[in-house]
Amino acid sequence: MRSDRAIPQAAYRLDRSYVWNYGHAPALPRIRRLPSGPGGRLFGHPLDSPLGISAGPLLNSRWVEGYARLGFDVLTYATVRSVSRPALPLPNIRHVENQERVAVVARRPAANGATVAVSLGEPSMEPDVWRRDVRRAKERIGRGQVLIVSVLGTPRPDGDADALVADYASCAAWAAESGADAVEVHLAVADPYAPQPLMIYENVPLAAQILYSVRTGVSVPVLARLGPFRSPRQLHETATKLAPWAGGFVLVPGVRRQVLDERGNAAFEGTGRERAEIVGADTFPIASRQVLEMLVWRRAGAWDRAVLAVGGITSVERAQWLLREGADAALVATAALFDPLFAVRFRQARATAVA
Ligand SMILES: Cc1cc2nc3c(=O)[nH]c(=O)nc-3n(C[C@H](O)[C@H](O)[C@H](O)COP(=O)(O)O)c2cc1C
């Protein structure tokens, strides 16, 4: 029997290309009177609320402006590179159910919120385009809001690790010049020079070199985006070694899994796409455990850096819980796409609690 439960239309059209979505910022609902936020502070900037959007969903200044108006106050612009990079072909985002070892394509989101597999290939517009557009984004956000720009280094065919470090640094410098209030350094990507599969944040000397080089080139705070850790010990050691060069940490962006369709075939076509980033509701237990671990470690006095929580925050309760535990901000990505009024409900919940 056919289920009549409608598939919710995402702000980002999953059936359209990245370029199409770049040119078609969603017509988001207009809110006449946004409930006031609970306030907050990040890197000395006063915030209306500590709720925001993580790297990716805000493709350009129009997307930033739309979500800023809906009460998201920590806005992360894209992820940008020093070169233009097209997105991988469609489909590149699919609803999934995250199972024990693999993720399996689902026809519609589960009742507890969407979980999706993302295989976009970290696209970027060319620097001339995004540098101008970051400036526009900064002009379009309000007081009580901050703009973070997410940057990613691009390895060159004839380059080495030093060239990659320099590439991260120039992207970060351009982002800061264009008006970013903070720069997020995306380290949760494969280390192209490691002899065995390793993410950059797991190669601590390289991650530290990148952060050091970025930090010496910009005067705004630098955030390190880290991925999931294999053990609490690895998390502690990495955070402690990177803390001297970072103003804060953003974690946990997602879990990499093999993604299969209903018939057991690869869900994304093309080599190198067998595994994809699983994000959204189902990842909350894994992501929040690591955020809490990071907060415990900070409380122990190892260092005093901002912790921006991300990963599976698909309900107001989840966001509030992580903030109560001490996170400096709660960032959403999947929920922003399927539930753009999330920030309004977050603010309403607070207004109700205060009343
Ligand atoms: C459509 C989409 C695009 C994304 N693009 C990026 C990206 O360009 N750079 C990045 O660092 N993370 C990207 N992410 C990951 C998010 O920043 C976030 O870390 C992840 O989705 C987990 O949060 P969530 O569970 O609230 O979705 C993307 C996520 C989604 C859903």
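Two residues are in contact if their C-beta atoms, placed from the backbone, lie within 7 Å. By that criterion, residues 24 or more positions apart account for 72% of the contacts in the chain with a separation of 6 or more. The model is predicted: local features need pLDDT of at least 70, side-chain atom pairs count only at pLDDT 80 or more, and totals for chains, interfaces and linings use all residues. Numbering starts from 1 along each chain as its sequence is written.

Start with the overall form. The C-alpha trace spans about 55 × 50 × 40 Å along its principal axes. Buried residues make up 49% of the chain. A residue is buried if 20 or more other C-beta atoms lie within 10 Å of its own, exposed if 12 or fewer, and partly exposed in between; these C-beta atoms, too, are placed from the backbone.

The secondary structure comes to 10 helices and 15 strands. Helices (H or I, at least four residues) and strands (E, at least two) are DSSP runs, numbered from the N terminus.

Now the barrel. Five strands close it in the order 5-6-12-13-7, with mixed pairing. Neighbouring strands of this sheet are turned by 50° against each other on average, direction ignored. The axes behind that angle are lines fitted to C-alpha atoms, for helices over the stretch in contact, and angles run from 0 to 180 degrees between N-to-C directions. Two strands pair if DSSP finds at least two bridges between them. Strand 5 (residues 93-98) and strand 6 (residues 102-105) are antiparallel over three bridges. They form a hairpin with three residues between them. Val96 stands opposite Val105 in strand 6. Strand 6 then runs parallel to strand 12 (residues 255-260), joined by three bridges. Here Val104 has Leu260 as its bridge partner. Strand 7 and strand 13 pair in the antiparallel sense over four bridges, and Ala117 stands opposite Ile278 in strand 13.

Strand 7 (115-118), strand 13 (275-280) and helix 9 (334-338) each supply at least two residues of its shell. Of the 27 residues around the ligand, Gly56, Pro253, Val279, Ala333 and Thr334 come nearest. A residue is near a molecule or strand if its C-beta atom, placed from the backbone, lies within 6 Å of it. By class, the shell has 14 nonpolar, 11 polar and two charged residues. Ala, Val, Leu, Ile, Met, Phe, Trp, Tyr, Cys and Pro count as nonpolar, Asp, Glu, Lys and Arg as charged, and the others, Gly among them, as polar.

Turn to helix 2 (residues 61-69). Its buried residues include Trp63, Val64 and Tyr67. The buried residues of helix 2 pack against strand 3 (51-53), strand 4 (74-80), helix 3 (127-140) and helix 9. Just after helix 2, Gly71 takes a positive phi of about 95°. In strand 4, seven of its seven residues are buried. Strand 4 pairs with strand 3 in the parallel sense over two bridges, and Ile53 stands opposite Leu75 in strand 4.

Finish with Ala11, in the segment before helix 1 (18-23). Ala11 counts as buried because it has 20 C-beta neighbours inside 10 Å. Leaving aside neighbours within four places in sequence, Ala11 is in contact with Pro26, Leu28, Leu337 and Pro340.
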